[in-house]
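Here is a short briefing on one protein chain. Look at the sequence and the structure first, then read the points below.

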Amino acid sequence: MTIAILYGGRSSEHEVSLVSATSVVRNIDLKKHQLVLIGITKDNHWFLQSEDELNRVLDDEKATLRIVEANDKAVHILPGNGKTSFSINGKQIPVDVVFPVMHGQFVEDGILQGLLESCEIPYVGCGVMASAVSMDKDFTKKIWEVNGLPVVPYVTYTKADISDSKKYDELFASAIEKFGFPLFVKPCNAGSSVGASKASNPKEFSMALMEAFMYDNKVLVEKAVNAKEVECSVTGNSVIETTAASKVTAYNPGEVVPTHEFYDYEAKYNDPDGAALKIPADITEEQMAYVKETAVKAYEAVNASGLSRVDFFIDKDNGEIYINEINTLPGFTSISMFPKMCEASGLAYSSLIELVLEEAIERFKSKNALQTSK
């Protein structure tokens, strides 16, 4: 089977994607599969990478995938051509399934999924709707609330809301009155804690809003919870179940213990000592069961498929458990929580890759079997 690994991309998580994709490339079964590496630059140009780039990262365990830009390797896409939708210089690049190993905007928000749907080619991960909804923290919380699932108290501001100085002052004061300090400010459509800040006073709150609005036009303001951070990996398909690959399964949760003030971008990716990872999480059996059960409900509520990581807060003061967010294309580096939690539950990294590839093909076949006209 020929697998196209897409990596890089336009989002602020471009560099994270290079590391995640490198780990996938090193752990995929190359006796069973052929790889096509397609690097996407920050300005959204797609380039086919040579076999030399693949061999470079396979031969050097310290190497990370790069994106070599060459005009004669520019990838073109012709929707509707199925497995031959990709080409360079008029020559088709046959692909059986696409594995997008990217994070953040322009990929995790349904944009890439829509392109691949129009190509009529199988791909790993959630579909258009689930991706778009799950990327938007505001809409995700609304869906979970409707389904009776616990979320951290929040308010959402848009740039339109704050365009008027008087309204800005009112909203600013309202959030402080509602939540007090500290509180968290996050872009609604960014991942890996990009643009997220913890504010402990009005000045920090104002600066946090300014930073968050640099990354998105909609911003979430949340009550800060004195929390234990727990994460749960989930795989499967919320809509169909034909084999073990599509059965929705939650794995034993892990715990993130940051050495920073909170688990920010620096702690996640730049500081090797930014956090301690405990798998399984240091929680009771009852809490463990509740987290797994709720992770499945959260996953199914947004019609997720393929894979996701559902993140929780457990309030250290009163034991309340809240869903924080869902990541439909979670970090796939060798030290990322998603694959490590699966491994701790008995699903090895290479087997995890096979599972999500199988689910992608099952989902594609099931959708293609549906009638599109009378």
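The chain folds into 11 helices and 17 strands. The model is predicted. The notes below go from the whole chain to one residue, Val155, which sits in strand S8.

**Overall size**
- The chain has a radius of gyration of 21 Å, which agrees with the value near 21 Å that a compact globule of 374 residues would have.
- Along its principal axes, the C-alpha trace spans about 60 × 55 × 45 Å.

**Packing and surface**
- Of the 374 residues in the chain, 54% are buried.
- The accessible surface of the chain is about 16700 Å². Carbon and sulfur atoms account for 50% of this surface.

**Charge**
- The chain carries 36 positive and 53 negative side chains.
- The centres of these two sets of charges lie 2 Å apart.

**A look at Val155**
- Strand S8 covers residues 154–158, and Val155 is part of this strand.
- Is Val155 buried or exposed? Val155 counts as buried because its relative accessible area is 18%, and the cut-off for buried is under 20%.
- Leaving out residues up to four places away in sequence, Val155 touches Lys178, Phe179, Val219, Leu220 and Val221.
- One of these, Leu220, is 65 residues away from Val155 along the chain, yet the C-alpha atoms of Val155 and Leu220 are separated by 6.0 Å.

Methods
Residues are numbered from 1 along each chain as its sequence is written. This is a predicted model: local features need pLDDT of at least 70, side-chain atom pairs count only at pLDDT 80 or more; totals for chains, interfaces and linings use all residues. Side-chain values use heavy atoms; hydrogens and water are left out. Helices (H or I, at least four residues) and strands (E, at least two) are DSSP runs, numbered from the N terminus. The radius of gyration is taken over C-alpha atoms; the globule rule is 2.2 Å times the number of residues to the power 0.38. Buried means under 20% relative accessible area, exposed over 50%, partly exposed in between (1.4 Å probe, protein chains only). Accessible areas come from the Shrake-Rupley method with a 1.4 Å probe; for residues, only the protein chains shown count as cover. Lys and Arg count as positive and Asp and Glu as negative; His and the chain ends are not counted. The place of a charge is taken as NZ of Lys, CZ of Arg, CG of Asp or CD of Glu. Contact means heavy atoms within 4.5 Å.
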